[in-house]
Amino acid sequence: LTLEVLQKFMEDYPAQVLLLGIQMFWTYESETALNKMRSEKGIMASTYKRFKLLLDYLVITTRKELSVRDRTTVETMITIHIHQLDVFMNLTKMQKKIRNASDFEWLKQTRIYWNVDQDQCNVQITDVNFEYGFEYLGCSERLVVTDLTDRIYISSAQAMGMYYGGSPSGPAGTGKTETAKD
C-alpha cells in the first residue's frame, strides 16, 4: 500500500466504500498474520508496521485542502483505524497465548469479509455472521471505539444472532444511540 494508491482509492470511491475497504483490509491482514505467526517469526510486527503506515498516510491526507465531507471521511477512517491499530497491538502482545485466527481474542472483534462466491459483504463478530445490507446513513463522524463499545457490539450481535433485541441503558450522552447506529 502506498500513499498514491490510498489517495486514488479515496478519490474514486464514496465514504461508505472507503470505510468498508479499510475494515476489510485490516481484517484480511490481521487474520493472515494471526494464522502465520507460529511459522513466520516477526509477521505480527511487520503487519503492525503496515497498519501504522496506513495511519500515517491518513494523517498526511488531513494536512491537505479537503472539502468538509472529505475531511469527515478521513477523520472517520482515522478513528476506525486507530481502534484497529490498538486491537492489533493487543493481539501482538498476547501472541504467546493466541494460537491462530480461531482464538476468541480475534473472534470477538468486528470483522468485515467479502464473500467472493456470494458476491456479498459479511460482518462477523464472535460466532455471528451478518450480511452487510449497504444501508447508507450518510457521511458522519464516528465515536471513538472503546472496550465498552466493543462489549456492546458483542452483546448486541449475540442477541441479534438469536433473533432477540437489545436495549442499551445508561447515563445520557454516553453514546448509546451512536453505538446502535454503528
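**Exercise 1.** Locate Asp119 and Thr126 relative to the strands, and decide whether each is buried or exposed.

*Solution.* Step 1: Asp119 sits in the loop that joins strand E1 (111-115) to strand E2 (120-125), where strands are DSSP runs of E with at least two residues, helices are runs of H or I with at least four, and both are numbered from the N terminus. The model is a predicted one, in which local features need pLDDT of at least 70 and side-chain atom pairs count only at pLDDT 80 or more, whereas totals for chains, interfaces and linings use all residues. Residues are numbered from 1 along each chain as its sequence is written, and side-chain values use heavy atoms, with hydrogens and water left out.

Step 1: Although Asp119 is not a glycine, its phi is positive, at about 50°. Asp119 has a relative accessible area of 56% and is therefore exposed, given that buried means under 20% relative accessible area, exposed over 50%, and partly exposed in between (1.4 Å probe, protein chains only).

Step 2: Thr126 belongs to the loop between E2 and strand E3 (128-131). Its phi is near 50°, again a positive value in a residue other than glycine, but with a relative accessible area of 11% Thr126 is buried.

**Exercise 2.** Determine how H2 and H3 pack, and which residues meet between them.

*Solution.* Step 1: The two helices pack at an angle of about 165°, and their axes are 9 Å apart; the axes are lines fitted to C-alpha atoms, for helices over the stretch in contact, and angles run from 0 to 180 degrees between N-to-C directions.

Step 1: H2 and H3 are therefore roughly antiparallel, since angles under 35 degrees count as roughly parallel, over 145 as roughly antiparallel, 65 to 115 as roughly perpendicular and the rest as oblique. H2 passes H3 in a left-handed crossing, a term for a near helix turned anticlockwise from the far one by less than a right angle, with right-handed used if the turn is clockwise.

Step 2: On the H2 side the residues in contact (heavy atoms within 4.5 Å) are Ile22, Phe25, Trp26, Glu29, Ser30, Ala33, Leu34 and Lys36, and they meet Ile43, Met44, Thr47, Arg50, Phe51, Leu54 and Leu58 of H3. Sorted by class, this contact has 10 nonpolar, 2 polar and 3 charged residues, where Ala, Val, Leu, Ile, Met, Phe, Trp, Tyr, Cys and Pro count as nonpolar, Asp, Glu, Lys and Arg as charged, and the others, Gly among them, as polar.

**Exercise 3.** How many aromatic pairs does a search of the whole structure find, and what are the centre-to-centre value and plane angle for Phe25 and Phe51?

*Solution.* Step 1: The search gives 5 aromatic pairs, with rings of Phe, Tyr and Trp (its six-membered ring) paired if their centres lie within 6.5 Å, and with planes under 30 degrees apart counted as stacked, over 60 as edge-to-face and the rest as tilted.

Step 1: Phe25 and Phe51 form an edge-to-face pair, at 6.0 Å centre to centre and 80° between the planes. This pair links distant parts of the chain, with Phe25 in helix H2 (residues 15-36) and Phe51 in helix H3 (residues 43-62), 26 residues apart.

Step 2: Phe25 is partly exposed at 26% relative accessible area, whereas Phe51, at 0% relative accessibility, counts as buried. Ring pairs also link Phe25, Phe51 and Phe88 into a cluster.
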